[in-house]
Amino acid sequence: MNSETKKNKILIIDDDKDILELLAYNLEKEGYEIETVSKSTDSLTAAKSFQPDLIILDIMMPKINGIEVCRQLRESSEFNNTYIFFLTAKSDKELQNEALETGGDDFIQKITGLRALTHKISTVLKRKLIIRKCVKEIHLGDLTINRKNRSVAYKGKEIVLSESEFEIIYFFAQNPKKIISRDNLLNNIWGPDVYLLAKTLDTYLMNVAEKLGTELIKQVREGKYKLEKVG
């Protein structure tokens, strides 16, 4: 690495010291500068001092839980552009929705492990794509996407999409005109531990285009796609 290249900074907040050590060790190997915090009460002070590009935040912590820490961080304008990824040991949908409502950008279940987290971090910090599930509504030309009620409208007409199809168009809409690889879609929507055939993904993409009545998502070359102009 060029000595003048600035490392991306990641703050990890978790009361489990084994998790802290595991994440810190592996993410430092990926080239990130890491700071760890084991007491949630120290979170805000550490974040202000370290000024991270991304925060990994455990939800279930004593004294102040991760959702409240996220709320406090988002109340400060200096963290408006800081990614916050939640770690959770639970698959409770209500808890996950609350985490996103508070300003979390994504959540990773601890059971799915390090690979899913590493892929998502690489997506936003190295590939400069956007993953922000806290964004409730996206307006892009004639396309409107509402994450809260998971609705999509194109040219004023509501479009019924499956959960996977919704996640695909939401991801593309946050990254318009950027070239997105098939692997990036697979890893960030389904996760690296879910085996999905390339043909299945292509079918999802075709379904989205057909339901919207336009060649909205185009394959620019083998395994790479781009969201075209949306009206």
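Predicted model: local features only at pLDDT ≥ 70, side-chain atom pairs only at ≥ 80, totals over all residues.
Two strands pair if DSSP finds at least two bridges between them.

**View 1. Strands β8 and β9 pair side by side.** Strand β8 covers residues 151-154. Three bridges join β8 to β9. The two strands run antiparallel. Tyr154 stands opposite Lys157 in β9.

**View 2. Four strands make an open sheet.** The order is β6-β7-β8-β9, with antiparallel pairing. Strands of a sheet pair through backbone hydrogen bonds, either parallel or antiparallel. The edges here are β6 (137-140) and β9 (157-159), and each of these pairs on one side only. From one strand to the next, the twist averages 20°. Helix α6 packs on this sheet. The helix touches β6, β7 (143-146) and β8. The direction of α6 makes about 115° with that of β7.

**View 3. Ile121 sits in the largest nonpolar core.** This core has 48 residues. Ile10, Ile56, Ile121 and Ile169 have the most contacts inside it. Helix α6 (residues 163-174) gives the largest share of the core, seven residues. Which residues does Ile121 touch, not counting those up to four places away in sequence? They are Ile10, Leu27, Tyr32, Leu54, Ile56, Phe85 and Lys126.

**View 4. Thr123 in helix α5.** Helix α5 spans residues 114-125 and holds Thr123. Is Thr123 buried or exposed? Thr123 counts as buried because its relative accessible area is 1%, and the cut-off is under 20%. Its side chain makes a polar contact with the side chain of Asn188, at 2.8 Å. Leaving aside neighbours within four places in sequence, Thr123 is in contact with Lys128, Leu129, Ile131, Phe171, Asn184 and Asn188.

**View 5. Strand β12 has two partners, β10 and β11.** Two bridges join β10 (residues 180-181) to β12, and the pair runs antiparallel. Within β12, Tyr225 is the bridge partner of Ile180. Four bridges join β11 (residues 217-221) to β12, again antiparallel. Here Ile217 has Leu227 as its bridge partner in β12. β11 and β12 form a hairpin, with two residues between them. In the turn, Gly223 has a positive phi of about 75°.

**View 6. Side chains alternate along β12.** The strand covers residues 224-227. Tyr225 and Leu227 point to one face and are buried.

Technical notes
Residues numbered from 1 in each chain as written. Heavy atoms only, no water. Buried < 20%, exposed > 50% of the residue type's maximum accessible area, 1.4 Å probe, protein only. Core = buried A, V, L, I, M, F, W, Y, C linked by side-chain atoms within 4.5 Å. Contact = heavy atoms within 4.5 Å. Polar contact = N/O pair within 3.5 Å; in protein donor to acceptor, adjacent residues only side chain to side chain. Axes fitted to C-alpha atoms, helices over the stretch in contact; angles between N-to-C directions.
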